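These are my notebook entries on a single protein model. I record what I looked up, with the criteria beside each value.

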Amino acid sequence: MGSRLRDNITSGYVEAANRLNSKKSRRRIAAYVESYDDVFFWRTVLSPFEDETRYFEVMLPSHKRLERGKKSVLMNLLATKTGRDLICCVDADYDYLLKGITSTSRQMLSSPYVFHTYAYSIENLQCYAPSLHNVVVATTLNDHQLIDFEAFLSMFSEAIFPLFVWSIWHYRRGIYGQFTITDFCKVIELGGFRVDDPYACIRRVKHKCYVKVGELQRKNPNAKESYLALKRELQEEMGVTPQTTYLYIQGHHLFDKVVVLMLSKVSRLLVADRELEIKRQSVHSTQMRNELSCYSHSTQDIEQMLKKNMGYMMAPEFRRIQKDIERFLNEKEETTQESPEAEPEAPKAKPKREKKPTIQTEKAEVNEP
């Protein structure tokens, strides 16, 4: 047991603290997350559900008890502590797609107080394709579209989808050592990106995936039926389509090795284009230097801007998270409303009040003779 009070906070503790406040005070619901980067994301998930009756406080558990980024440790730590007033918010990783095969997956999917991203991680949602053009515009202040990011990530997803199914197939059977996430990420590396021919890298990735799929088919000749069944399940039941596979691969790989790589090169060209325009339109050198300096101070770092991207709020996966939160709050309110109905039975003091006339009657009867 931790020596600090915060180390021992449970849902019951938060509930008791809420009861100490006045009835008009808003109810606090603590939301534990994995790392600092998760705080802002889960704030965007939870803030629409705050009102005059409740509010959320997004926080990290004690550093003495938890190493950042370890979802399994976080869930083990909070397994007996979560409840109506303390919830756990984590990245889904592969655990959502494993459907309870592992203990962490079972715990994440079965607990009504554990919420997950559905996508592999928050990095995947930050890279939500329809929002990427806006990120580039916010970074470069240049609205010229050099690449259709939605089409690019859709084609990238289609190229890696068959191999992605094999990755989940291995993890579902507990033989992931034969084909790990790291192995999968090595195969789907872009190996370079060119703005003038953006789809060349996708062709390379598609060829590498084709070769690896053939190798896995030869190693697992009896896996055809189970592979096809898993493929149908991922698409029909879990929302993983060939066009949106990028949302379910390892988040850091997508963020660093695909999206940031692509956006950085696009942004550099757009910045250079804007600077050339300023030089061309400037009347004299002083005006040019001033304009270039002003523009330079207005541009942003693409990686930092991507981390602050909130375009994921349009994603179906984000709406699924919010539906889970809404369901939890509705059940919470129903439970709260049911408890006062049982209270009227509590005042069993009425029989005591009825004893007074009985005692008086007995005294009267004694005084009559």
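Predicted model: local features only at pLDDT ≥ 70, side-chain atom pairs only at ≥ 80, totals over all residues.

Entry 1, helix pair H12 and H13. I looked up the handedness and found that H12 and H13 cross in a right-handed manner (right-handed if the near helix is turned clockwise from the far one by less than a right angle, left-handed if anticlockwise). I noted that H12 spans residues 251-281 and H13 residues 285-298, with axes 9 Å apart and a packing angle of about 155°. H12 is therefore roughly antiparallel to H13, the term for angles over 145 degrees, where under 35 is roughly parallel, 65 to 115 roughly perpendicular and the rest oblique. Axes are lines fitted to C-alpha atoms over the stretch in contact, with angles from 0 to 180 degrees between N-to-C directions. On the H12 side I listed Leu270, Val271, Arg274, Glu275, Ile278, Lys279 and Gln281, which meet Gln287, Met288, Glu291, Leu292 and Tyr295 of H13; contact means heavy atoms within 4.5 Å.

Residues are numbered from 1 along each chain as its sequence is written, and side-chain values use heavy atoms, without hydrogens and water.

Of the 24 residues of H8, 19 are buried (under 20% relative accessible area with a 1.4 Å probe, protein chains only; exposed is over 50%, partly exposed in between). At the start of H8, a side-chain oxygen of Asp148 comes within 3.2 Å of the backbone nitrogen of Glu150. Just after H8, I read a positive phi of about 70° at Gly174.

I found that the axes of H8 and H12 come within 12 Å and cross at roughly 145°. Phe149, Phe152, Leu153 and Phe156 of H8 make the contact with Val258, Met262, Leu263 and Val266 of H12.

I placed Arg54 in strand S2 (residues 54-59). Why does Arg54 count as buried? The reason is its relative accessibility of 12%. I also noted that its side chain reaches the backbone oxygen of Phe49 at 2.8 Å.

I counted 16 helices and four strands, taken as DSSP runs (H or I, at least four residues; E, at least two) numbered from the N terminus.

How values were computed: Polar contact = N/O pair within 3.5 Å; in protein donor to acceptor, adjacent residues only side chain to side chain.
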